[in-house]
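Thank you all for coming.

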Amino acid sequence: SGIINNETFRSTCSYCGVGCGITITLQPEGKITVEGDKDHPVNHGMLCSKGMNLHYTVNDTSDRLLYPTMRYSKNLPKKRVSWDQALDRTAAVFQSIIEKFGPESVAFYVSGQCLTEEYYLWNKLMKGFIKGNNIDTNSRLCMSSAVVGYKKTLGEDSVPVCYDDIELSDCLLIEGGNPAWCHPIIWRRVEAHKEANPDVKIICLDPRKTQTAASSDLHIALLPGTDVYFNNALGRELIANGFTDQEFIDKNTDGYKEYETEVFSKTTEEYAELCGVNPEDIRQTAQWIGRSKGFLSMWTMGLNQSAIGVQKNLSLISLSLITGKIGKPGNGPFSLTGQPNAMGGREVGGLSNMLASHRELSNPQHIAEMESFWGVSGISNKPGLSATEMIDALENGKLKAIWIVCTNPLVSLPNLNKVEKALKKAAFVVVQDISSNSDTLAFADVVLPAAAWAEKEGTMTNAERRVSLLQKAIEAPGEALPDSEIICRFAEKMGWGNSFRYSSPAEIYDEYAQSTVGTNIDCSGINYSLLKKGPVQWPYPKGSNSTSRLFENNAFYTPNKKAQLIPVSGVNTSEGTTKEFPLVLLTGRIRDQWHTQTKTAKVNRLNQHKKSPFLQLNPKDAAERKIKNGQLVSVKGKRGEVRVKVEITEEVRSGTCFMPMHWGKILQSDLARANNLTSDLVDPISKEPDFKFSAVQVSLY
Ligand code: SF4
C-alpha cells in the first residue's frame, strides 16, 4: 500500500505545482500531522507555510460536505438524499438534455487539483462516451498560454527543464511571477544557489515590487502588458551584441530571419519607452543572459493571464532558442505551473481542445487511436467550450447543464456578475466539492461530497514533469467519496459501466499509461509499484528511465524536428484605460492563501499574514485622490465594484493598483471579490483570461 510503516504515508502537497513531497503521520482519533519528505528530490524536507499547515485542512472537518443533497426545483431548498438518488437523477437529467439538445448542451468544468486518474476518467466519459468535448479545467485560467507557447515553438506542451537546472544556472530571468510567495520552495532553492554563488544574476520583470523583485539583482517594473516589447528588445540586444548561437539557430530552428526583422523593427530606446523602463536595464539584462553559461527563464501568470498571453510566451521562449540555451544543463524556458496537477490534467486531455496523451482533436489519426483504445466510435473533432466560453454558453442558453468539480468559479472566474447571471440561467448545475464554503454551491441543483487530499489515492504531475503517488492515509468523513468513484458510479447509471469498472486507482493509471505508448509523453514504464519507490519524470517508456531534461539531442517535437522562432509584435489588446477608469488593476495571490480560500482560510496561522482583502495603491495616485492609508475605498470598473481597505505602497507603480483574488462572498462579502472587476477578454488562441489588465477607478468610499 506504499505505507512506510503502519502509521506513516508518503504524499505530495496539494497546493502548488512545485510538488513538494510530504510524509503524513496518523495521530489518535483519525487526525494526521505532516512533515516535509526528507528523501523527496523536489523539496528535500522543506515545506512552505501552506504545506506545513496542510494537516489542519484535513483534521478540521467542520466545513466538510458529508452527504449528497438535491433540490427538485430552483425555488426549493436542497435536501439530503442517498448517492443512488443523487446520481440517478443526475444521469436522468443529463440523458434527457443530451437526447433533446445533443452532447454539446452539457459540460464538465474540472480542476488542476484533480488527481490524474480522476482527470482521465472525466475526459474518457465526456469525449469517449457522451461524445461532446465540453470538458475544460481551471488550468485554462492558469497555464493555457504556456501550453500554446510550448506547442508552437517546441512542438509539444513539454517543459524542457527540471528543478536541478536551478543549481546549474547562472542567470535567472523571472517574468510575471512572484515565486517567493507562490512557488516558495523553488524560490528557496534559487536563493540558496545565489547565496552559495554570489555571481549568479537574478532579474525580475514585474510591474509590482514583489518579494521576488526585492531579492533580485535587478527589478524592472515595466508597464503592464508590455512584456513582448521587453523580450523583443532583449532579442535585439542579444543579436546586436553577438550573443546568439548561429550554429544552433541554423541547424535546429526555423524562422530566424523573420524573428530578426521583427525585433529590429524598433530601437532599444523605443522599446524602453513603450515599456516605461530604462534602456540600460534592457542592455544589462541582455549582457547577463548573453554571458551566462546557464540561462533559465521562469514565468507564471503575469505572462499567461493576458489577452496576448501566447505572444508573451513566444517572445520569451525565443530568447532561449536564439542563444541555443536549451537542452543543456542549467538552461531553458521554465513555465512554473500554478496548480498541483495542472500538468497531469493536460497529459490526459484535460483541456476542451485536446485528447488523452497530448493527442489533438484536429488530428483524425489521434481520434482513431483513442476510439480504438476506448472501444468507441464517433469522438467529435469539434473543440469543446473553454472555461469562459462555458459561461457565455450558459448565458445564451446553448449550454443547459454544467457539472463543476473541485473548483469555485464564483470566486475565480473573471467578471463574476456575469458568471452569477449565467449560473442562475443554467437548467441544471451539479457541484462536486469537499467544502461547504464554496460560493458556487448556492447555484447547485445537486451537491456531491468528495473525498479530500489524504483521503484518497492517486497521482499528480508537478511543474518539472515529475509524477508522484499520493497515498490514502485516512477515511473521508460522512459519505464523501473519491472523485474517481463518483465518476464510475455515474457512468454505470448512464449505461457505460463496463468501461468504467476498476478495482483500484492503480488500474486507472495503468490504462492511462497504456494510452501514452508511442507518444512524446510515453509513461508506459510508470506504475504504482515504481512510484512507491519515489517520484519519476516523464517521458518514461517501458524499459527506460526517468527523463530529467528534454531536447538534449536538439531534436524538437515539431514535424521537422526544428524549434520554431515565431516573431510577434506585442501590441496589447487588453481593454484600454479611459478618463472614467484610468488605473490598471492587477490581480494575484498572497503568500499564505490558496485560490478561493476554501482550504487555507480554515488555518488560523495562515490568516495572520493578511487578514482581509485590500487594494494596493501608489502614493502618487492616492494623494491625487486624497486617500489615506487604511481608508475604505470603492474600486469601480465597467463590470462591477469592490469596497476594501487601501494599502498605500510603492510596491505598485503609479497608474496601476493590485488586489488579491482570494476572497469571495461566503468568506467575506460580494464586494470583496477582485473578479467583480476583472476583464473577461481572453487570448484569442489560448482562451486564457486577461486577469492582469482591467481598467478601474479608485475613490474614497
Ligand atoms: Fe506545497 Fe507549493 Fe509550498 Fe511546496 S511550495 S509546500 S508544493 S504550496
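I will talk about the ligand site, then a helix, and then a set of strands.

Please keep in mind throughout that this is a predicted model. Let me begin with the ligand, which has 14 residues around it, and of these Cys13, Cys16, Cys20, Cys48 and Gly51 come nearest. The elements that contribute two or more residues to this shell are α1, residues 49-52, and α7, residues 184-196. If we sort the shell by class, we find 9 nonpolar, 4 polar and 1 charged residues.

Among the buried residues are Ser144, Val147, Val148, Tyr150 and Lys151, and what covers the buried residues of α5 includes α14 (301-304), α15 (309-322), β14 (332-335), α16 (342-347) and β23 (563-564). Just after this helix, glycine 155 adopts a positive phi of about 95 degrees.

Finally, the strands. Strand β18, residues 428-433, is also mostly covered, since 5 of its 6 residues are buried. On β17 (residues 401-405), which runs parallel to β18 and is joined to it by 5 bridges, valine 405 has glutamine 432 of β18 as its bridge partner. Strand β19 (residues 446-449) likewise runs parallel to β18, here with 4 bridges, and valine 431 is partnered with valine 447 in β19.

How values were computed: Residues numbered from 1 in each chain as written. Predicted model: local features only at pLDDT ≥ 70, side-chain atom pairs only at ≥ 80, totals over all residues. Buried ≥ 20, exposed ≤ 12 C-beta atoms within 10 Å, placed from the backbone. Contact = placed C-beta atoms within 7 Å. Pairing = 2+ DSSP bridges. Near = placed C-beta within 6 Å. Nonpolar A, V, L, I, M, F, W, Y, C, P; charged D, E, K, R; others polar.
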